[in-house]
Amino acid sequence: MLLYRYGSDIGGMGMIKFTIDNIPVEAKRGETILEVARRYGIYIPTMCYISKTSPCASCRICSVEVKDVDGFILSCNTPPTEGIEVTTNSDKLQEERTNIMKLYDVNHPLECGVCDKSGECDLQNKTLEFNIDRQNFSAKDQLRTVKKWGLIDYDPSLCILCEKCVHVCNEVIGDDAIEIQFGGYKSTIIPKDSETLDCTFCGECIAVCPVGALVSSNFKYRANAWELSKVPATCAHCSAGCPLEYEVKHASHGASENAIYRVKNNFEFATLCGAGRFGYDFDVKVPKRTQINKSTIDENIKAVKYENSFEKALKALSETKAIQFNSIITNEEVVILNKLKEKLGLKLFNEDARLYKEFLDNYASVTGKQVYETDLEDIKNSDAIIVLGTQIATDNPGVRYAMTVAAKQNGAKISYFHPIEDTLLQNIVTQFVKMEPGTEEGVLALMAKELLKDAKITKPVEKFLNDLDEGYLEAESNVSEEEFTYMSKQFRRAKKKVLIVGEDLYAHPQASNIAKIVGIIDRFSEYSVMIVPKDVNTLGTALLANLDKEEEVAFVVGYNEKGDFTISSMHNDADMLVPALNQQEGTLTNIDKKVLPTNVAVAFEGECLNDLANAFGITQTNTIDYTNELEDVCDMYQNVEFDSLENFLAQDGTDIRGYKLKNRNVKINFDLKDVTDLPEYNGTVIYHANPVLQFNKYTAKTTELPKENFLRGSSQFALAAKIKDGDEVIVKCADMEVKRTFKVDEQLKGTVALNPTFDINISPNRYRFEKSKIERVQS
C-alpha cells in the first residue's frame, strides 16, 4: 500500500477517509497522520515534533502501524491514503518506544534536582510514561563542555539531538545560526559558520528544547518550574502583540519580593523575539523611606521626591493645556485621556498615532475600508511578498518571522525595496532593490503601474499612472524598469500576494499621497496590504484617541513622555510614578487588528491614571471598567467586560485571545496628486533605526538585553564623514544633536548610517532618513 511522505503532492483529492484505532477520521490534503490524530484528540507520543516547523523525524517515538504495511510508519511526516487502518498503540509499538527512551536515557546526567527543566521536562515525562526503571544499554561517556553563548547556555551532556532548535532557528526565526555536528555518539549542536553563537538571541531554541540542554544563562539555577506562577499577557514591545506568560516567583517561595523570573511562550504555535523573552523586567517600584544608612541614601532621596506626587500631578493637570503621550499604553488609558481632555479642556498630543491615523484615513479614502485586512497568518500563507518603507526585521520581528515561514515552508519569493539592505533577511529575500532615501512616493507609483498594468482601474487612477514621468522617477530613485519586470516575473505563478509597508512612510513629507497609492494597489491589484503600526498600541491609540496636531504649548504634562511635569513609569523621567504595562490589566490592539487582554505580572504600589481621573470626577473603580466602553468611542470595538475576554491558544494553535475589530466601511473619495519632485539626500545621511532586541526606553531599562547604541556605518560613510572606527562623534540632524560612538559595520554599504533611538527622545514626526553633519569629539 502506498503512503505519501510529508510535503508530497497527493493530487486533487478532497477529504481522505481512513481510521485511527478503529475511529473513522478524515484528513485534509497534505495533512499528516499525526496532525489528524491530534485534531481528533487521539494521543501519539512525540519527542522531536513541533507544529510550526517541518517534521524533525529524529525521535521515531511517533511511529504507528498501518495494516498491510511492513514495519513502522512515522506519523509525523506521512500523510494518509484512502482507507488505511492506523494503529497507534500495540505491544510492538510499546517495545519500540520503550527501547527508544532507554537509548535517550543512556548516560543522561542524573541532575534533575538542579536542572532548570525539571518538572516540565519531556525526557522526565516520557521516561515515566514508558516505565523506564532500569537500563539495558550502555555507552562510553564523552567529555562534553558547557558552552556559554551570551544569553544562552548549552550543555551538550543533556542534549538528546532532537533537532527542534535547529528547525525553529532556520524555518521560523530565519537566523539559521545552529546546526548538528555529526559524529555518532559525539554528535552535538554547534554554531553555524562561527566560533560562537551569532544570532538575534530570540531564545526560541530555549523554548523548544525538551530537556535542559539549552537554557537562559540568567535564569539558570534561580528557580524551579513548580515555584513559578504563570501570568498570561501580551508582549509590550512592538505591535505584533505576541502571547506570552510572565513566570513570577513570589516572596512566599523564597524570593526577596514578588518578581518576574522569566518569560515563556506556547512554542508549538507562537514565537517570541529576544526582547519579548529577555526584556521583561521593566516594571517600576515606588521608593519608600527606610532607615537611613549608606546603602539606603539613594532610595530615601527618591522616596522624598515622590512624596505628595499625586497632589502635584493633580495641580499640573489643572494648569496644563496639553498632555503629551505615546502609544505604549492600553486602550483603556486612551479612553481616560479622552475624558480628561473633555473635562479639562486639554489638547492631546501623540504624533506616532496621529500620523498613523492620517495614513490610514488616506488609504481608506481609496479602499473604502478604515483599516487593512491582512494579518500575520496571511503573510505566513503567502507565496509572494513585497516590502517597502521599513527595516522590518528590527521594526517588527513578528512580521519577519511570518515572512520566514512563508519563504521556508511555502517557497515564497520576497522583493525588498529599501535604501539599506536588511542583513537579517538575506537568506529569505530573493530580490533586494536598493532605492534612494526619500523616493518612496516615486517608487510606489512605479510599482503601482507595474502591478496594475492588467487590472481594471478607474479613469482617475489610469490618468495618474499614465502621467508618471517614468524616466525621471527611475533615474532619481535608482529603481529601473528591469527591477519591476524581474519582480513580476518571479511572482508570475504566485497565488497569495502581500504588500507590507511600514513606518518610514508615515512621517514622509508626501505621506498622504503615498497612502493613497498603497490604497490603489490594495483595491485594484491581487495584493493585500499590511500597514505595520510602530508601537504596541499605535493602532488602538489611532482609532480611539481624540488627538490634536502637536504645537508649542507653554506648560505640557507628559504621560510616559517627557513634559514640564511628567507622569511616567520610568524613574528617570517621572515627577509621579505610574505602573508599567507588565503591572496593568487592560487591552491592546495589535497588528492583526485584535483586541488583546494583558494582565498584572507584579503589583504596583501607588496610584495610576484612573486615580487621577477619579479626582476630577471621571469615576470608575478600575481602569478595566473602561473595556466595556470601547465601542462607545469607536464602533470597530465591542463593549465587553474585561474578565470575559479569553486569553489562550487553542489546541490546534488558533488564537482565542480577545476579539477582532470590525472593519468600518468609509466613503471612497480621493484625489491622487502628481508625484512631486523627488528629494536628494547627498553627503552623510542618518537612518533612525534600532538594533536587534531594542525598541524603546522600556527595553533599554531591562537588565538582560544588550544596549549597544553605536552609530553604525560603512567604511564609505566613515570616509565621507572623515571619522574612523571607535571615534566619539556628535550627530547633528536639523534640530537634533546626539553623542555617539561610531562603529564601522562591514555589512553596510553606502553613505547612510544607522542611528538608534531607543535611548533618546525623538519625535515620531521626523522622517527616518535625515541629512546629517558628523563632528568628531576632540579628546
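Here is a walk through the aromatic and charged side-chain contacts in this structure. It's a predicted model, so local features need pLDDT of at least 70, side-chain atom pairs count only at pLDDT 80 or more, and totals for chains, interfaces and linings use all residues. Residues are numbered from 1 along each chain as its sequence is written, and side-chain values use heavy atoms, with hydrogens and water left out.

Let's start with the rings. Searching the whole structure turns up 11 aromatic pairs. Rings of Phe, Tyr and Trp (its six-membered ring) pair if their centres lie within 6.5 Å; planes under 30 degrees apart are stacked, over 60 edge-to-face, and the rest tilted. One of the pairs is Tyr 416 with Phe 432, tilted at 35° with 6.3 Å between centres. Tyr 416 sits in strand β17 (residues 413–418) and Phe 432 in strand β18 (residues 431–434), so this contact ties together parts 16 residues apart in sequence. Helices (H or I, at least four residues) and strands (E, at least two) are DSSP runs, numbered from the N terminus. Tyr 416 is buried at 1% relative accessible area, while Phe 432 is partly exposed at 25%. Here buried means under 20% relative accessible area, exposed over 50%, and partly exposed in between (1.4 Å probe, protein chains only).

Tyr 767 and Phe 769 make another tilted pair, with ring centres 5.7 Å apart and planes at 45°. Tyr 767 is buried at 7%, and Phe 769 is buried at 1%. These two also belong to an aromatic cluster with Tyr 681 and Tyr 687.

Rings meet charges too. Arg 144 lies over the face of Tyr 185, 5.1 Å from the ring centre, and Lys 743 lies over Phe 710 at 5.2 Å. To count, NZ of Lys or CZ of Arg must be within 6 Å of the ring centre and within 35 degrees of the ring normal.

Now for charge against charge. The structure holds 49 salt bridges, each a side-chain nitrogen of Lys or Arg within 4 Å of a carboxyl oxygen of Asp or Glu. In one of them, Arg 38 meets Glu 268 at 3.9 Å, N to O. Arg 38 is in helix α1 (residues 33–39) and Glu 268 in the loop between β13 (259–264) and α6 (274–278), so the bridge ties together parts 230 residues apart in sequence. Arg 38 is partly exposed at 30%, whereas Glu 268 is buried at 17%.

Lastly, Glu 120, Lys 230, Glu 247, Arg 262 and Lys 264 are linked in a salt-bridge network.
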